[in-house]
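Keep the structure open while you read.

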Amino acid sequence: MEKKTKLTISGTAKKSIKNIEIAKTQGKNSVVIEKQSSKFPSRGGSSKPGNFKPRTTSTFNRGAPPKPSFATKSPPITNDFERRKLAEQRATKRLKGDDNKDKKTSKAGTKKRELKLTVSRALSDEIEARARSEASVKRARQKENKNLTKEEAQENLKPVKRDVNIPEAITVRELANRMAEQSSSVIKFLFGMGVTVTINQTLAADTAEYLVKEFGHNPIREEKVEEIIQKIKATRVENLKNRPPIITVMGHVDHGKTSVLDVLRSANVVSGEFGGITQHIGAYQIESQSNKLTFIDTPGHAAFTEMRARGSKLTDVVVLVVAADDGVKPQTVESIKHAKAANVPIVVAINKCDLPDADPQKIKNQLLEHELIAEDLSGDTLMVEISATTKKNLDKLVEAIILQAEILDLKTDFESKATGIVLESKIDVGRGPVATIIVTTGTLKKGDFFVSGLRWGKVRAIIDDKGKNINEAPPSAPVEILGINGAAKSGDDFIVVDNEKEAKTLSENRAQESKDVKNPLTFATQDSAFSDTSAEELNLIIKSDVHGSSEAIKNAISQITHDEVKPKIILADIGMVTETDVTLAKASNAVLIAFNVKPSKEAKKLAENEKIKISSYNIIYEVLDFIKQKMSGLLSPDIQETVTGTAQILEIFKVSGAGKVAGSKMMEGEITTASDVRIIRDGAIIYTGKVGTLFREKNQVKQVNNGQECGITVKDYMDFQKNDTIEAFSITSTERMI
């Protein structure tokens, strides 16, 4: 008898020990099948019928009809026929789902929300309909706003015209920032004009003004610091009083200039009171017949030139000392020229008249050549014959100076703010920076704030030429000032201002202007911006005795101009030649010039070891001649070419030991073994070289004349062809001078 298999399906949620126990109580052929209950797919998944794992306990009994029991959301089924039909439909649907698994999976991503059953979907008639997400709406709004912003920006994008302040010198970066433009745009614009610049390049004020206009802005030229200072310097015309004259004593070396000053000084200054300022600055006051005179001992004509170059009205009278036994010398002539250029009256002191070979009349005649005519020769120049040794006529010299000062009628305002000129500055141990000045206008008071060159400060102490502390310094008084924040330069101006803030601002602005104004880019440099030929440079290192000398030499050298060579001053400083100068000269291949100074022992030894020549001079003309000579050595010589002969190749021979020989005939001129030759083929130069050997009937010769036939070999060339032309020429070079 066959056993009947009974199928029992019951849905269970979890596997448990109870299920196992139930299975044990069933028949031997009972099987436990785990199947996960059917649920709706997750939000992000898709319907995959084949992946369901229902957990059921099944018992197969043969012969028993199947009684399926499914937990579904179907309407109530009344009869068995309908149940079976529904089971068949579901089984068929599941099989089809397995076959089209891949297709459904690929489409599931696009319709991931379609299978999610929500209350709204269940109640809605149009289940397929789907509302627009909030994120999509938000993105659309952002895109719309972005497009609107672009349109508004394009409508409002109009060039803004700015007022741009332009100082005397400004960098490309700063100018671009002030215009609110990109630095690259400014550089590109200049490049288009043929001027190459970097972002840190300094532009001149005119160039910057042109650029600002081109970029559509309004340029405003800033007032220069010097203009502000000139307004401060402008003296009032009220309360003018007579001031002591300022006298500069000048003359050639060894003409007794220092001796005259010493005699004048000792006549009025008590011995023992020389110290302090007198021996340091070379400026002092003497009193004669209730008249004060301020003397300046300028170390040579160059310092005087420096003062005049700065436009200062410091010197009122020049005392020109000429030795009666020596006559007019080059530096004497220079002094006369500088005094005339400055429009300053000259009083001539003919010194050393006590010597036996003195000839004052000869001096007067020599001075006639320079338009200095003595009074006894119906001129207007005061000339006094003196002797510093015997003190002869020194009182007459003082009288002549006072008379000249009275004619000038020197007056100034004593009540205004003080201005002056720096004669010398140093850093004193214990006192710090000390500036020696001569007050030109106004009265300097203790506690005043001032500007001097690039420095500023507050007057802490005023020391007169006697070495005493004073509270006020009247015009024409030489004094020492304590309180400056650094060493000023000789020849700098000295201006008293209202307060510390103004002094500090003026000093900083001056420093800023001087920093960048050294080599500003101007339109004059456009032509040479892309030039192929660059001028040779002669590097120079100049050491001089005084600041004025170096300034004078620098100015004179700057006047030497040439297209192919130019002087370049690497260093122009004061003091003796040191080891550092020699090392710098070696490193930069520079010419080392010592003007009125000598090298130190160490520098001299180092120069000998390094084979560097130190050129020493004491007259500025000799220095300039030497520099011109050195610059001429850098010029390329003039090369002149002369054609000496022409030969035409008729045949080419091969000679053992000599290679190819061009059998030629001299058409004109001559050719020698020392000639330079060029091979010309079809009007083009093929080769240029020298003659190797010349043959005449198998014999070597040194020269072949016109009309003769010969064999010619050319060094390092054998590619001859018939009808080539051999042209012989000679080159002569001549040196050029500036």
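1. Let's start with lysine 213. With a relative accessible area of 53%, lysine 213 is exposed, because anything over 50% falls in that class. Its partner is glutamate 209: the two form a salt bridge, and their closest N and O atoms are 3.9 Å apart. Both sit in helix α8 (residues 205-214), and since they are four residues apart there, about one helical turn separates them. Bear in mind throughout that this is a predicted model.

2. How exposed is glutamate 174? At 33% relative accessible area, glutamate 174 is partly exposed. Arginine 178 also counts as partly exposed, at 28% relative accessibility. As a bit of background, side chains of opposite charge can pair when their charged atoms come close.

3. Now for a salt bridge between strands. Lysine 568 pairs with glutamate 537, with 3.8 Å between the closest N and O atoms. Lysine 568 belongs to strand β25 (residues 565-574) and glutamate 537 to strand β24 (residues 536-544), so this pair ties together parts that are 31 residues apart in sequence. Lysine 568 is partly exposed at 39% relative accessibility, and glutamate 537 is partly exposed too, at 37%. Look for Lys566 as well: Glu537, Lys566 and Lys568 are linked in a network of salt bridges. In total, the count of salt bridges comes to 17.

4. Next, have a look at two helices, α18 (residues 579-588) and α19 (residues 601-610). Their axes come within 8 Å and cross at roughly 25°. That makes α18 roughly parallel to α19, because angles under 35 degrees count as such. The crossing of α18 past α19 is right-handed.

5. Which residues of α18 and α19 make the contact? On the α18 side they are Glu579, Val582, Thr583 and Lys586. On the α19 side they are Glu602, Ala603, Leu606, Ala607 and Glu610. Sorted by class, the contact of α18 with α19 has four nonpolar, one polar and four charged residues.

6. Isoleucine 470 deserves a quick stop. You'll find isoleucine 470 in strand β20, which covers residues 469-470. Is isoleucine 470 buried or partly exposed? Its relative accessibility is 23%, so isoleucine 470 counts as partly exposed; buried would mean under 20%. Setting aside neighbours within four places in sequence, isoleucine 470 is in contact with Ile462, Asp464 and Val479. Lysine 446 is 24 residues away from isoleucine 470 in sequence, yet their C-alpha atoms are 8.3 Å apart in space.

7. Finally, zoom out to the whole protein. There are 20 helices and 36 strands in it. Of its 738 residues, 38% count as buried. Take the contacts between residues at least 6 apart in sequence: 71% of them join residues at least 24 apart.

Note on methods:
Residues are numbered from 1 along each chain as its sequence is written. This is a predicted model: local features need pLDDT of at least 70, side-chain atom pairs count only at pLDDT 80 or more; totals for chains, interfaces and linings use all residues. Side-chain values use heavy atoms; hydrogens and water are left out. Axes are lines fitted to C-alpha atoms, for helices over the stretch in contact, and angles run from 0 to 180 degrees between N-to-C directions. Angles under 35 degrees count as roughly parallel, over 145 as roughly antiparallel, 65 to 115 as roughly perpendicular and the rest as oblique. A crossing is left-handed if the near helix is turned anticlockwise from the far one by less than a right angle, and right-handed if clockwise. Contact means heavy atoms within 4.5 Å. Ala, Val, Leu, Ile, Met, Phe, Trp, Tyr, Cys and Pro count as nonpolar, Asp, Glu, Lys and Arg as charged, and the others, Gly among them, as polar. Buried means under 20% relative accessible area, exposed over 50%, partly exposed in between (1.4 Å probe, protein chains only). A salt bridge is a side-chain nitrogen of Lys or Arg within 4 Å of a carboxyl oxygen of Asp or Glu.
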